[in-house]
Each structure stands twice: as C-alpha cells, then as structure tokens.
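Hello,

Here is the structure I promised to pass on. Please open it and keep it beside this email as you read.

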Amino acid sequence: MSDARLTALAIDALRRGWPIAIHGAGGTLALLPIETADPVRLAAFDPSSQAPVLLSAGRAVTLKLANQLAAAAPDTPVLVERAPWLDFATATALADPQLDLGTPLKGPFRAIPVAQAEAAGAALSLARIAGMLPAFFAVADGSAALTITPADIACHEDAARLTIATHARLPVAGAEQAEIYAFRTPEMPGEHVALVIGTPDGRPPLVRLHSECLTGDVLGSLKCDCGPQLDAAIAAIQASGWGILLYLRQEGRGIGLINKLRAYALQDQGFDTVDANTRLGFAVDSRNFAVAARMLTLLGQDQVRLLTNNPEKVAQLEAAGVAVVERVPHVLPSNPHNAQYLATKRDRTGHQF
C-alpha cells in the first residue's frame, strides 16, 4: 500500500542533501540530489566514483545528448555515464542550465541505458514536487536509510484528502464583505486558501483560480501580470455580486519559487517562459487544478463562471466534476517588461485573450 507520508519524508531528505532510494518495477536506485549535496556527501555515497548522473530528457536535449540512442526518447530519464572528469562541480553544471554560459563543459558525455526506468522517472517527479532541480547521482540496486516507491510519490497531494482547516471574516481592499477559508492536506506544508466575496445568491459564482506569485503579488514584479490580475479579479468578483478567489500554492506554474527565479535568469539570457522551464527539466506547466475543484466542492459549488484566459483550467475543473457554465476573459494591459511573457502565453500555451 502506498504511503504519502514516506514521500514527505523523502522530500525533507532531498532538501537536506541526504540520499534516498526508490524501488520500482525494474529495480532499485539509490539517489543523491545534486542541488543540495556536496563533494563530501558524494564521496560517502559513491566511494568508487562510478555513479552516473540522472537527468531529465529536456536537460539532455540542451546538453546535445538526445542524438544518442539511450537519450533519444522524449520525456524519459537519461543516465550520463560517470567519466573521470565528471566530478561534483561538473555534475552541478550539468544539472543547472543557469551555468551554461559561464561553465565550459569538458565532455564528451555518453548516455547509457536506464535499467531502472520506473524508479528513475519517479526520482525526477519527486524532485519536481520538492521544488528542486531534477538531477541526481544514481547507484543501481543501492540502499539508503529511506526507501520509497513510485506509488508513494503518486499519492503525495491527493485532492480527495483536502479539508477545510478553518475560516474567518476578512475584509480586504476592494471587497470588505469577505471570508477566508484555509485548506490543507496531511502531506503538504503549505495551505491553499479561498476568499469568498459577497453572499451566495443561488447563481453560479464568478471564480478565479490564482496561483501564488510572490514576485508579482507581493513585490509588484512587472515581469508577469499576476499582481494586477489578482487585484482585478477581486474587483470583478465584487462587481458581479458574489464569487470566490482561490489562491493556490503553486508558485511558478508549480515549479516553486527558486526554480521560477532560475527560469527568470534564463529569460534574461533570451529564452521565453516555455523554453526556460523545459531547459530546467520541468514541464511547461506543472500545476494541478484538481485541488481547486476539491476546494470548490467543499464550499458547495459544483457550477462556476470561471474568470480565466487559460482553457486548461476549464478542462481540469470539468474533469474533476465542476461544471464551467461560462468562461469570462480576464485581460489586462501589458507593459514593456511583460509583453513577451503575455505573447508566449498566447502563442505557446493556448491562452485565449
């Protein structure tokens, strides 16, 4: 039986730079996270200096490894053979595309077959959930103090386990008649919240799914439109009579704050938001809106008017049992700093303005 608690322990271990093991259908991999470990821990983990480096297929493409048979399949884990020059510093450069311009890689690097494909794929998924670079030193059939399975990772944030923790009155600028509801699952360290504005009147509420954006919501970043969208959503819901703002803890389209800032650094090198995410080894959009559907269900709403330009939000809500009776566009003016960002959302991620 899968156990999401083990995944929470594994995430904590990875963030501390400790090794874990994942047991899958093809065998077991012991894994040391490159981002949070160090040369001393690598020496203890792999005293013979034989452990290859596990990377995402997206990162392998950037490193020109995809022309090798063992790295040619899209969206599959890639193992890079350990060569004498592949020390911890070189592995860090392999893992982090921010360093590409400033770190000449020695090479050549050779991709080798991944016998433990299920465990390797689960390791990359676990790194993404942890908000870390998907890159490890990997030892086949190795052991670690903590061993988990892919099934443990798959149930990490189960929307069905989401519950309302508490609620309170919260007048906010632009909507003085409002209540805030906090939601959580046993596994997640952060809480999702809902701001219910106005009084339900029998009509489907106007709903906005807003993903957390520290830089835009709090610091006023001009690189995105998140802060203005948040303010405009509250105003639109207030004007509609009643509705719900869901504030989802899915920073950076689900890759976390640190990786979002890494993506910003890549954007400064000329990559758009889509290519920056994939160069880091992440999906274009890693968010899961099943959690939002569960929040709405717990609030007693199974039909909504959705304030969004993103068809994927509509699709995921409806797949989770919440009917979207109307999609209401949410369009705001651009500025010189986010014009390219908005164009990318329109042209490459299907947003409808």
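Below is what turned up, starting with the sheet. Keep in mind that this is a predicted model.

The sheet: seven strands make an open sheet, in the order S5-S4-S3-S6-S2-S1-S7. Its pairing is mixed. Strand S5 (111-112) and strand S7 (147-148) are the edges, each pairing on one side only. Look at S3 (residues 53-55) and S6 (residues 136-140): they pair in the antiparallel sense over two bridges. Val53 has Phe137 in S6 as its bridge partner. Helix H5 (residues 117-129) lies across S1, S2, S3, S6 and S7. H5 runs at about 130 degrees to S1.

Salt bridges: the count comes to twelve. One of them joins the side chains of Glu81 and Arg110, at 2.9 Å from N to O. This pair links distant parts of the chain, 29 residues apart. Glu81 sits in the loop between S4 and H4, and Arg110 in the loop between H4 and S5.

Are Glu251 and Lys260 buried or exposed? Glu251 is buried, at 8% relative accessible area, and Lys260 is buried too, at 7%. Their side chains meet in a salt bridge of 2.5 Å, N to O.

Arg305 and Glu326 form another salt bridge, with the closest N and O atoms 2.9 Å apart. Arg305 lies in strand S13 and Glu326 in strand S14, so the pair ties together parts 21 residues apart in sequence.

The surface: Leu214, Val218, Leu219, Leu257 and Leu261 form a nonpolar patch. Together they have about 440 Å² of accessible area. Helices H7 and H10 each give two or more residues to the patch.

Best wishes

Note on methods: Residues numbered from 1 in each chain as written. Predicted model: local features only at pLDDT ≥ 70, side-chain atom pairs only at ≥ 80, totals over all residues. Heavy atoms only, no water. Patch = residues over 30% accessible without salt bridge, like charges linked within 9 Å, V, L, I, M, F, W, Y side chains within 5 Å. Areas by Shrake-Rupley, 256 points an atom, 1.4 Å probe, with all protein chains shown as cover. Salt bridge = Lys/Arg side-chain N within 4 Å of Asp/Glu carboxyl O. Helix = DSSP H or I, 4+ residues; strand = E, 2+ residues; numbered from the N terminus. Pairing = 2+ DSSP bridges. Contact = heavy atoms within 4.5 Å. Axes fitted to C-alpha atoms, helices over the stretch in contact; angles between N-to-C directions. Buried < 20%, exposed > 50% of the residue type's maximum accessible area, 1.4 Å probe, protein only.
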